[in-house]
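Student: I am new to this structure and would like to go through it slowly, one question at a time. Could we look at it together before we begin?

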Amino acid sequence: MSSWLRVILASQWLLSASLLSAQVGFTMPVINNVATGTIVSPTIKVTGFEGILSAQYVICWDPQVLQFQGITNYNLPSLDSTKFGFLRIDQGILSFAWPSPNLMTGTSVPNGTTIFRLKMKVIGANGMGTGLK
């Protein structure tokens, strides 16, 4: 095998190993049996959030059950409303992209830390429910 090919394979292996090393968990609740018109504030919590340089994901819910009202309790450095995408809120889709302000060591928070809260109004019929995923 040529040395050029070995360098390419080794580089790909190192890149994939480093990408897989961060295993962050996001905990989102299920909202069930809440009276129509009630405002709920589900928390978004993390585990394994150690040395994280950035985080990106999408939160989805049933828009026939919950209506987005806002975000509160930002609990990561430099986290604010500009880190969220609101283009598909009416479809029950909220995107999130947060870069750590410390690109050398990343950001760490203890397991179970609430990184923000959603504010939602229950618009579905009594007895309906939806998960946040």
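Student: What share of the 133 residues in the protein chain is buried?

Tutor: This is a predicted model, in which local features need pLDDT of at least 70, side-chain atom pairs count only at pLDDT 80 or more, and totals for chains, interfaces and linings use all residues. Residues are numbered from 1 along each chain as its sequence is written, and side-chain values use heavy atoms, with hydrogens and water left out. A residue is called buried under 20% relative accessible area, exposed over 50% and partly exposed in between, with a 1.4 Å probe and protein chains only. Of the 133 residues in the protein chain, the buried share is 31%.

Student: How many helices and strands are there in the protein chain?

Tutor: Helices (H or I, at least four residues) and strands (E, at least two) are DSSP runs, numbered from the N terminus. From that end the elements run α-β-β-β-β-β-β-β-β-β-β. The count is therefore one helix and ten strands.

Student: Which residues form the covered face of strand E8?

Tutor: In a regular strand the side chains alternate between the two faces of the sheet. Strand E8 covers residues 93-99, and its uncovered face holds Ile-93, Ser-95, Ala-97 and Pro-99. The covered face consists of Leu-94, Phe-96 and Trp-98.

Student: In what order do the three strands of the open sheet stand?

Tutor: Two strands pair if DSSP finds at least two bridges between them. Strand E5 (residues 54-60) runs antiparallel to E8 and is joined to it by seven bridges, with Val-58 having Ser-95 as its bridge partner. Strand E7 (residues 84-85) pairs with E8 over two bridges, also in the antiparallel sense, and there Phe-84 is partnered by Phe-96. The order of the open sheet is E5-E8-E7.

Student: Why is one side of E5 and of E7 left without a neighbour in the sheet?

Tutor: The three strands form an open sheet with antiparallel pairing. One side of E5 and one side of E7 lack a neighbour because each of these strands stands at an edge, with a single partner strand.

Student: Which residue's backbone oxygen does the side chain of Thr-113 reach?

Tutor: Thr-113 has its place in strand E9 (residues 113-122), and at 14% relative accessibility it counts as buried. Contact means heavy atoms within 4.5 Å, and, leaving aside residues up to four places away in sequence, Thr-113 touches Ile-44, Lys-45, Val-46 and Asn-75. At 2.6 Å, its side chain reaches the backbone oxygen of Pro-110.

Methods: A polar contact is a pair of N or O atoms within 3.5 Å; within protein, one must be able to donate a hydrogen and the other to accept it, and residues adjacent in sequence count only if both atoms are side-chain atoms.
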